[in-house]
Each structure stands twice: as C-alpha cells, then as structure tokens.
Amino acid sequence: MDTKTAEGPPMLLLTPQQAADALRLGRSRISELMRDRQIRSVKIGRSRRIDFVASLEQNADPEAC
C-alpha cells in the first residue's frame, strides 16, 4: 500500500483499510486500536479517517530519539 498521492506528498489521513494495508494489519485490529485510542482518528461526515502522523507522534518513544 502506497500512502502517496500521484502528485507526491504523503496522505496524512487514511481510511481504516489503507491504514491496515500500510501497517500490514487486519481491519478488525485497526478498529480495536481506534477503540482503545492507540490510533487517533477523525470523523468526516460519515467517514472515519486515521490521523496517521498524529498516531505515530502519540505513540513515539521519547527515549528513542
């Protein structure tokens, strides 16, 4: 799964399926992570999008930097 658009910059909001493909997880696992608030998501209309960058920053290990 490529998270880049045809023009170049990476997509920052992914559908649950795109996030599952990018992370090589199942959609049910992505749903669990959203429910447990380990991955941040936003609702846009009736769609749910995963804020991929915020999720990475939220779960980053500060001692690893």
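Among contacts between residues at least 6 apart in sequence, 31% join residues at least 24 apart in this protein. The model is predicted. The protein has 65 residues, and 22% of them count as buried. Its accessible surface comes to about 5,000 Å², and carbon and sulfur atoms account for 48% of that area.

**Order of the elements**

The protein holds three helices and three strands. Read from the N terminus on, the elements follow the order β-α-α-β-β-α. Helix α1 covers residues 16–23 and helix α2 covers residues 27–35. Strand β2 covers residues 41–44, and strand β3 covers residues 47–51.

How far apart are the axes of α1 and α2, and at what angle do the helices pack? The axes are 9 Å apart, and the angle is about 105 degrees. That angle makes α1 roughly perpendicular to α2, because values from 65 to 115 degrees count as roughly perpendicular. On the α1 side, the residues that meet α2 are P16, Q17, A19, A20 and L23. On the α2 side, their partners are R27, I30 and M34.

The loop between α1 and α2 contains R24. Phi of R24 is near 55 degrees, which is a positive value in a residue other than glycine. R24 has a relative accessible area of 77%, so R24 is exposed.

R37 lies in the loop between α2 and β2. Its phi is near 60 degrees, and R37 too is a residue other than glycine. R37 counts as exposed because its relative accessibility is 68%, and the cut-off for exposed is over 50%.

**Salt bridges**

How many salt bridges does a search of the whole structure find? The search finds two. In general, side chains of opposite charge can pair when their charged atoms come close. In one of the bridges, the side chains of R29 and E32 meet, with 3.1 Å from N to O. R29 and E32 are three residues apart in helix α2, so about one helical turn separates them. In the other bridge, D36 pairs with R35, and the closest N and O atoms are 3.9 Å apart.

The table gives the accessibility of the residues in these pairs.

| Residue | Relative accessible area | Class |
|---|---|---|
| R29 | 36% | partly exposed |
| E32 | 30% | partly exposed |
| R35 | 59% | exposed |
| D36 | 43% | partly exposed |

R35 is classed as exposed because 59% is over the cut-off of 50%.

Which residues make the nonpolar surface patch of about 380 Å²? The patch is made by L12, L13, V42, I44 and V53. V42 lies in strand β2, and I44 is in strand β2 as well. V42 has a relative accessibility of 33%, so V42 counts as partly exposed. I44 is also partly exposed, with a relative accessibility of 46%.

Leaving aside neighbours within four places in sequence, I44 is in contact with L13 and R49. L13 is itself a member of the patch.

D51 has its place in strand β3. With neighbours within four places in sequence left aside, D51 is in contact with L12, L13, R40 and S41. Two of these, L12 and L13, belong to the nonpolar patch. How far apart are the C-alpha atoms of D51 and S41? The two atoms are separated by 5.3 Å, while the residues are ten apart along the chain. S41 falls within the range of strand β2, residues 41–44.

Technical notes
Residues numbered from 1 in each chain as written. Predicted model: local features only at pLDDT ≥ 70, side-chain atom pairs only at ≥ 80, totals over all residues. Heavy atoms only, no water. Patch = residues over 30% accessible without salt bridge, like charges linked within 9 Å, V, L, I, M, F, W, Y side chains within 5 Å. Areas by Shrake-Rupley, 256 points an atom, 1.4 Å probe, with all protein chains shown as cover. Salt bridge = Lys/Arg side-chain N within 4 Å of Asp/Glu carboxyl O. Helix = DSSP H or I, 4+ residues; strand = E, 2+ residues; numbered from the N terminus. Buried < 20%, exposed > 50% of the residue type's maximum accessible area, 1.4 Å probe, protein only. Axes fitted to C-alpha atoms, helices over the stretch in contact; angles between N-to-C directions. Parallel < 35°, antiparallel > 145°, perpendicular 65-115°, else oblique. Contact = heavy atoms within 4.5 Å.
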